[in-house]
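Hi,

Here is the structure I promised to hand over. Please open it first, then read my notes below.

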Amino acid sequence: MSDDVAAAYVRYESPVRHPRGHYPGVFVLVNGLAREGKLTPEQERFRRANNDWYDAAYPTPSKVDPTVYDHDVTPGAVAWFKVSATHLIERVPGYLEILDAHGVECRVVRSSDPGRVVYEDEFQVVVVPHEGQA
């Protein structure tokens, strides 16, 4: 997964693998902090308002195809924004600020070919990473 200048896709993820082998994305990381009760009231308001906005702004892949994140069907599947989805990407820095405030690392990864596409809409793809990329 190179930091390809001409990349078509971008992903914000932990540099630490999940026990299942993938790198959790920015939303999973912030939602995890919320589940653990670690967010300040202001951070929780931001998370809830922006999660609601994202839910309304683009399709949830697993609602379109319930198998898209099924570990047995699509092991290691993760979502990537299309770089053209700027209105979605421009809200990510607020999530990154929350992670930074809690000492949770998150990196940006860009790629023109992040894996085998198992779901696609106008804003995102969900892929099973190529062998050795998990």
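The chain has 5 helices and 5 strands. This is a predicted model, so please read everything below with that in mind. Follow the sequence and the elements come in the order β-α-α-α-β-α-α-β-β-β.

Next, the overall form. The chain has 134 residues, and a compact globule of that length would have a radius of gyration near 14 Å. The chain has 14 Å, which agrees with that expectation. Along its principal axes, the C-alpha trace spans about 40 × 35 × 30 Å.

How much of the chain is buried? Buried residues make up 42% of the 134 residues. The accessible surface comes to about 7500 Å². Carbon and sulfur atoms account for 51% of that surface.

Now the contacts. Take those in the chain with a separation of 6 or more: 69% of them join residues 24 or more positions apart.

Charges come next. There are 14 positive and 20 negative side chains. The centres of the two sets lie 4 Å apart.

Start with Arg107. Arg107 lies in strand β3, which covers residues 107-111. Is Arg107 buried or exposed, or something in between? Its relative accessibility is 30%, so Arg107 counts as partly exposed. The cut-offs explain the label: buried means under 20%, exposed means over 50%, and partly exposed is in between. Which residues does Arg107 touch, leaving aside neighbours within four places in sequence? Arg107 is in contact with Arg11, Tyr12, Glu13, Ser14, Pro15 and Tyr23. Look at Glu13 in that list. Glu13 and Arg107 are 94 residues apart along the chain, yet their C-alpha atoms are separated by 5.4 Å.

Move on to Thr74. Thr74 sits in the loop between α3 (61-64) and β2 (78-82). Thr74 has a relative accessible area of 6%, so it is buried. Again leave aside neighbours within four places in sequence: Thr74 is in contact with Thr67, Val68, Tyr69, Val118 and Val128.

Finish with Gly21. Where is Gly21? Gly21 is in the loop between β1 (9-13) and α1 (26-35). At 19% relative accessibility, Gly21 counts as buried, because the cut-off for buried is under 20%. Gly21 and Pro75 are 54 residues apart in sequence. In space, their C-alpha atoms are 8.9 Å apart.

Best wishes

Note on methods
Residues numbered from 1 in each chain as written. Predicted model: local features only at pLDDT ≥ 70, side-chain atom pairs only at ≥ 80, totals over all residues. Heavy atoms only, no water. Helix = DSSP H or I, 4+ residues; strand = E, 2+ residues; numbered from the N terminus. Buried < 20%, exposed > 50% of the residue type's maximum accessible area, 1.4 Å probe, protein only. Contact = heavy atoms within 4.5 Å. Rg over C-alpha atoms; globule rule 2.2 N^0.38 Å. Areas by Shrake-Rupley, 256 points an atom, 1.4 Å probe, with all protein chains shown as cover. Lys, Arg positive; Asp, Glu negative; His and termini not counted. Charge placed at Lys NZ, Arg CZ, Asp CG, Glu CD.
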